[in-house]
Amino acid sequence: MEQAKPPVSGPGIPGPEAEADSTELNIEGDDDLLREFLDESYDHLQKIELEILALENQAGNPDSIHSIFRAFHTLKGGSAWLHLAPLNRLAHELESLLDLARQQKLTVDSRIINLILDGCDTIRQFLERIESQLSGNEPPAPIRAPFQALIDRIRAVKQAPAPESPGPKTGPGNGKATGAPGGLRRSTDRLAQEPPPAAPTPRAAHGDNRAAAGLIKIDG
C-alpha cells in the first residue's frame, strides 16, 4: 500500500489500553485508499488461515508462525495509517501473541489457534461493515467494534503460564490421534473441507456504487 499519501482525517489513535474509542473517516476523498487497504487485509486474513492449516500438519512450524506474525504486523500498520483504532488495538495484541510464539516463550496450542481464528473472524466482520458502507450497500452509520472481550482473552493467555504439553490426542470415536497440537477445534473443519476461495469474502461492488454520505463512524 502506498505510504506517501496523507492519512485519512481523524483523531489520533489512543494507546492499546483504551477500552473504547471513536473514529470518523471521510470516505469521499479517501475511498480508494480504504479500498486498497480492505483488499490487502482480506488477503492477509486468508494467508493467516492457510498458515493455520500448515501448523496443524507441523505443530510449531517457525515459518508459519513468522508468516502469521508478519500478517498481523502489516494489519496493525495499515490500520494505524487509516486511524482505525479498534482494529489497530486488536492487531497489536495478536501480533504480540505471535511474537511470544516466535521467541518460543509460548507454545502454539489449541488456545492460540482458536484466538487467531477468532481474531480473523472479528477483523473480517469489521472490514465487511466498512466495505458495505463504502460501496453504498448500507447507509453510513456508527460501526461498533466489540474487540475488547477478545483482547482480554489474548492478554490472559499471554500472562498465564504455558500448560504442559499434552500427550497424543484421540479423535472422537475413531481411536486415532488427531495430529493437531492440543486438539485444534475449528481450522480444519472450516478450511480443509473445500479448496480455499479465490477471495476470502465477497467483495462489494466497486466503481459507481459509492456512498452518498461522506462519513463512517467507528466505535470501539
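1. Helix α3 passes helix α5 in a left-handed crossing. In this predicted model, the axes of α3 (residues 85-102) and α5 (residues 148-159) come within 10 Å and cross at roughly 20 degrees. The two helices are therefore roughly parallel to each other, an angle under 35 degrees being the criterion for that description.

2. The residues that form this contact can be listed for each helix. On the α3 side they are Arg89, Leu90, Glu93, Leu94, Ser96, Leu97 and Leu100, and on the α5 side Gln148, Leu150, Ile151, Ile154, Arg155, Val157 and Lys158. Sorted by class, the contact of α3 with α5 holds eight nonpolar, two polar and four charged residues.

3. The axes of α3 and α4 (residues 110-134) come within 11 Å and cross at roughly 160 degrees. That angle makes α3 roughly antiparallel to α4, the criterion being a value over 145 degrees. The crossing of α3 and α4 is left-handed. From α3, the contact is made by Leu87, Leu90, Leu94, Leu97 and Leu98; from α4, by Ile112, Leu115, Ile116, Gly119, Thr122, Ile123, Phe126 and Leu127. In the contact of α3 with α4, eleven residues are nonpolar and two are polar, with no charged residue.

4. The remaining pair to consider is α4 and α5. Their axes come within 11 Å and cross at roughly 160 degrees, and α4 and α5 are therefore roughly antiparallel to each other. In this pair, α4 passes α5 in a left-handed crossing. Arg111, Ile112, Leu115, Asp118, Gly119 and Thr122 of α4 make the contact with Leu150, Arg153, Ile154 and Val157 of α5. The residues of the contact of α4 with α5 divide into five nonpolar, two polar and three charged.

5. Of the 18 residues of α3, 13 are buried, so the helix is largely enclosed by the rest of the structure.

6. His83 lies in the loop between α2 and α3, and its phi is near 60 degrees, a positive value in a residue other than glycine. With a relative accessible area of 13%, His83 is buried, the limit for that class being under 20%. Gln104 follows α3 and is found in the loop between α3 and α4. Phi of Gln104 is also positive, near 60 degrees. At 73% relative accessibility, Gln104 counts as exposed.

7. Another loop position of interest is Gly60, found in the loop between α1 (27-57) and α2 (62-81). At 40% relative accessibility, Gly60 counts as partly exposed. Leaving aside neighbours within four places in sequence, Gly60 is in contact with Leu55 and Ile65.

8. For the chain as a whole, the secondary structure comes to six helices and three strands. Read along the sequence, these elements follow the pattern β-α-α-α-α-β-α-α-β. Buried residues make up 45% of the 220 residues in the chain. Among contacts between residues at least 6 apart in sequence, 80% join residues at least 24 apart.

Definitions and conventions:
Residues numbered from 1 in each chain as written. Predicted model: local features only at pLDDT ≥ 70, side-chain atom pairs only at ≥ 80, totals over all residues. Heavy atoms only, no water. Axes fitted to C-alpha atoms, helices over the stretch in contact; angles between N-to-C directions. Helix = DSSP H or I, 4+ residues; strand = E, 2+ residues; numbered from the N terminus. Parallel < 35°, antiparallel > 145°, perpendicular 65-115°, else oblique. Left-handed = near helix turned anticlockwise from the far one by under 90°. Contact = heavy atoms within 4.5 Å. Nonpolar A, V, L, I, M, F, W, Y, C, P; charged D, E, K, R; others polar. Buried < 20%, exposed > 50% of the residue type's maximum accessible area, 1.4 Å probe, protein only.
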